[in-house]
Amino acid sequence: MKTERKLMAHLINGTPGADQTPTWERIGADLEEFNIEMNAEVETTANILGETSVKLAGYQPQASVEPYYADPDTALSKLVQRIVDGRKMLDEAKTDVLEVHLWEGDSDSSRVAYKESAIIEIVSYGGDTTGYQVPFNLHYLGDRVKGTYNVTTKTFTPDLEV
Amino acid sequence: MNIIETMHEVLAAFPKLGEIGVDLADESPDSTALTSTGDSLVRSDILGNQRRLHTFILHTVWQSQSDWERMNNSGVLLELAYFLERHAPHTAVTAELNGVTCDGEIVSAECSNGMLYAIPDTVNGGVVYQLQIAVTYQILTGGNS
């Protein structure tokens with residue numbers, strides 16, 4: 001049986017920073033599609049024996065959040081607007097993203113989740129008369145951590161390293 | 001209230017229409033009725049929220065003895081179109097999807113084909129005008145958390 005799309009939840013931390021408590025906000029309202037493009041680095045070589053070797057060296061994941069309608073009451077919108085207003089770069093445009101498998105885990109208090117840092121790249125801001133829009137791209141940084149997410153308390157707990 | 005019940009209430013607030021009947025407008029002057037003609041899914045987002053389109057036809061019986069009266073009737077239909085454009089959006093709606101009652105709201109209401117629709121054998125009692133109304137509404141299925 002197919003997994004419903006809404007069971008793969010994507011959240012972004014609207015209050016990044018070591019001294020801040022994360023505010024996990026789920027994206028997806030008005031988004032008909034959200035894909036994390038893996039951008040794999042693949043090298044293919046063929047030898048004189050007719051064999052092909054494939055080296056998968058790594059990934060450069062990236063995702064596009066478009067459309068994104070700004071809601072001034074949300075922490076994520078405030079973060080995005082600060083990046084726009086201050087033309088923030090480097091670590092000042094960094095936050096965390098969470099992928100929560102709502103179909104996996106014992107209950108809503110303990111869903112399997114993966115956290116990763118990402119850079120927010122503002123694509124544009126403004127938009128048409130339907131609302132103020134700030135579409136952006138997420139560039140994942142590869143420091144992926146597995147853990148569990150509590151849907152009720154909106155908190156992520158990393159798994160203990162063995 | 002579902003979208004049909006909600007639109008009945010929205011139309012009832014328009015001061016130049018009488019009581020809004022359901023489906024059947026009798027032949028008496030100022031008789032008005034709203035008919036639901038269909039509902040469809042326009043699109044859904046990755047949270048499962050839906051944007052839907054519901055279409056209606058409004059029939060109303062008005063006097064039509066002269067061009068002046070007919071111009072007036074068309075003017076009322078135009079005013080109704082403006083009224084719906086301004087007052088329908090953000091009105092609360094509920095929908096039952098897969099056995100679950102979900103909340104939502106009207107996004108927009110657009111009118112078209114407002115015109116004289118039927119002329120009875122004698123125009124003394126009035127003629128039937130129609131107005132087609134297309135209502136776009138959003139339903140939130142609770143996947144936002």
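Q: Why is A:Tyr68 called buried?
A: This is a predicted model. In it, A:Tyr68 has a relative accessible area of 10%. Buried means under 20%, so A:Tyr68 is buried.

Q: Why does A:Phe136 count as buried?
A: Its relative accessibility is 0%. The cut-off is under 20%, so A:Phe136 counts as buried.

Q: How many aromatic pairs are there over all chains?
A: The count comes to three.

Q: What makes the pair of A:Tyr68 and A:Phe136 edge-to-face?
A: The ring centres are 5.3 Å apart. Rings pair if their centres lie within 6.5 Å, so these two rings pair. Their planes stand at 75 degrees. Over 60 counts as edge-to-face, so that is the name for this pair.

Q: Why does this pair tie together parts that are apart in sequence?
A: A:Tyr68 lies in the loop between strand 6 (62-65) and helix 1 (75-86) of chain A. A:Phe136 lies in strand 9 (residues 136-140) of chain A. The parts are 68 residues apart in sequence, so the pair ties them together.

Q: What kind of peptide bond joins A:Glu66 and A:Pro67?
A: A cis peptide bond, with omega about 5 degrees. A:Pro67 is also in the loop between strand 6 and helix 1 of chain A.

Q: Why is A:Leu56 called partly exposed?
A: A:Leu56 has 48% relative accessibility. Buried is under 20% and exposed is over 50%. The value falls in between, so A:Leu56 is partly exposed. A:Leu56 lies in strand 5 (residues 52-58) of chain A.

Note on methods:
Residues numbered from 1 in each chain as written. Chains lettered and ligands numbered in written order. Predicted model: local features only at pLDDT ≥ 70, side-chain atom pairs only at ≥ 80, totals over all residues. Heavy atoms only, no water. Helix = DSSP H or I, 4+ residues; strand = E, 2+ residues; numbered from the N terminus. Buried < 20%, exposed > 50% of the residue type's maximum accessible area, 1.4 Å probe, protein only. Phe/Tyr/Trp six-rings, centres within 6.5 Å; stacked < 30°, edge-to-face > 60°.
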